[in-house]
Amino acid sequence: MEAIKEYLLSPQFWISIIVLVVAFIVWKVGRVFLGKVLKLKDGKKTQQTNFRVVGTAIKSAYVILVAAVVLQINGINIGTLFTGLGVAGIIVGFALQDILKDLMMGTSIIWDKFFAVGDYICYNGKEWQVIEFNAKVTKLYDFLEDTTITISNRNITEIAKATKIVGVSISAPYDVPLSRIRPVMEEIVRRAKELPSVEDAQFLGTDEFADSSINYKIVLNCVDPSVKGAARRGTLDIVQEVFAEENISIPYPQMDVHMCK
């Protein structure tokens, strides 16, 4: 108890407190300055992502530096401390391998501009939205199933940007000629363009000669990848309406059976 009281009254203790207070103020000021350097007020997704990652890296290095200064003030030699760690230091080094891999991959994502917060990406065979990102982990949101996952950056090996384009295959009977089906498809495209989830639509033409129908292709350019399902469903509703208005039946699988005597 006496030793603690003596330390609290010592110059080392008060100098350490002053260093910590000054370090805290410098960090707050530096964070504001970093935001201005990256022009965070512009609201750009890439700049916000850069700010998070750079901020995390600088904060980690800054905490280590301040801790080293405080230890030196209190008479603890950093070099001797690390030398004395010995085997324990090696064990800690192995434990930090995964963290270092996460940091390296996080840095690579930033420099190579793989994605930013708010982007829609394809990962592990599904489409996701990046809702959070830092130097260690990435949080993804599945807008189709309304689920969220968090993955370590070291596990991100392949990333592709999700497209806003979705194709819709429309089947029509063989007995309806192209000269009649073309204006029907153009009417479907016109109405599809009026959907709130669609920016543009285009009729591409014949896509396939199937067993019981001729399939035509329409391409939708959606507002963003998260509404592709809604745009496709809305377009199929329009197909039903227009086909009913034009007295065109929607094909279904059929089989002709011939009896031989």
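**Notes on a predicted model, for a first look**

1. Buried residues account for 32% of the 261 residues in the protein. Keep in mind as you read that this is a predicted model. The chain has eight helices and eight strands. Its accessible surface is about 17100 Å², and carbon and sulfur atoms hold 61% of that. Take the contacts between residues at least 6 apart in sequence: 58% of them join residues at least 24 apart.

2. Start with the sheet. Five strands make an open sheet, and they run in the order E4-E3-E2-E1-E5 with antiparallel pairing. Which strands stand at the edges? They are E4 and strand E5 (160-161); each has a single partner strand, so one side of each has no neighbour in the sheet. Further in, E2 and E3 pair in the antiparallel sense, over four bridges. If you want a spot to look at, find Phe133, which stands opposite Thr138 in E3. As background, strands of a sheet pair through backbone hydrogen bonds, either parallel or antiparallel.

3. Now the main core. The largest nonpolar core has 26 residues, and Ile170, Met185, Ile188, Ile218, Leu220 and Phe243 have the most contacts inside it. The elements that each give two or more residues to this core are strand E6 (165-172), helix H7 (178-192), E7, E8 and helix H8 (228-245). Which of them gives the largest share? That is H7, with six residues.

4. Neighbours within four places in sequence aside, Ile218 is in contact with Val166, Gly167, Val168, Ile170, Met185, Ile188, Val189, Gln202 and Phe203.

5. How does the span of H8 compare with what 1.5 Å a residue should give? The 18 residues of H8 should span 26 Å, and the end C-alpha atoms are 26 Å apart, so the two agree. The buried residues of H8 are Lys228, Ala231, Gly234, Thr235, Ile238, Val239, Val242 and Phe243. When you look at the spacing in that list, remember that an α-helix has 3.6 residues a turn, so residues three or four places apart point the same way. The buried residues of H8 pack against strand E2 (126-133), E6, H7, E7 and E8.

6. Next, the aromatic rings. A search of the whole structure turns up three aromatic pairs. One of them is Tyr120 with Phe143, an edge-to-face pair at 5.5 Å centre to centre with 75° between the planes. This pair links distant parts of the chain: Tyr120 sits in strand E1 (residues 120-123), while Phe143 is in the loop between strand E3 (137-142) and strand E4 (147-152), 23 residues apart. Both Tyr120 and Phe143 are buried.

7. Why is the pair of Phe203 and Tyr216 called tilted? The ring centres are 6.3 Å apart and the planes are at 50°, which falls between the 30 degree limit for stacked and the 60 degree limit for edge-to-face. Phe203 lies in strand E7 (residues 198-209) and Tyr216 in strand E8 (residues 214-222), so this pair ties together parts 13 residues apart in sequence. Phe203 is buried at a relative accessible area of 15%, and Tyr216 is buried too, at 2%.

8. Two asparagines are worth checking. Asn124 has a positive phi of about 55° although it is not a glycine. Asn124 belongs to the loop between E1 and E2, and it is exposed, with a relative accessible area of 67%. Just after H8, Asn247 takes a positive phi of about 55°. Is Asn247 buried or exposed? At 68% relative accessibility, Asn247 counts as exposed.

9. Last, a look at Leu103, which is in helix H6 (residues 97-112). Leu103 is partly exposed, at 31% relative accessibility. Residues up to four places away in sequence aside, Leu103 touches Ala135 and Lys136. From C-alpha to C-alpha, Leu103 and Ser152 are 9.6 Å apart in space, and they are 49 residues apart in sequence.

Definitions and conventions
Residues are numbered from 1 along each chain as its sequence is written. This is a predicted model: local features need pLDDT of at least 70, side-chain atom pairs count only at pLDDT 80 or more; totals for chains, interfaces and linings use all residues. Side-chain values use heavy atoms; hydrogens and water are left out. Buried means under 20% relative accessible area, exposed over 50%, partly exposed in between (1.4 Å probe, protein chains only). Contact means heavy atoms within 4.5 Å. Accessible areas come from the Shrake-Rupley method with a 1.4 Å probe; for residues, only the protein chains shown count as cover. Rings of Phe, Tyr and Trp (its six-membered ring) pair if their centres lie within 6.5 Å; planes under 30 degrees apart count as stacked, over 60 as edge-to-face and the rest as tilted. A nonpolar core is a set of buried Ala, Val, Leu, Ile, Met, Phe, Trp, Tyr and Cys residues joined through side-chain atoms within 4.5 Å. The expected span of a helix is 1.5 Å times one less than its number of residues. Two strands pair if DSSP finds at least two bridges between them.
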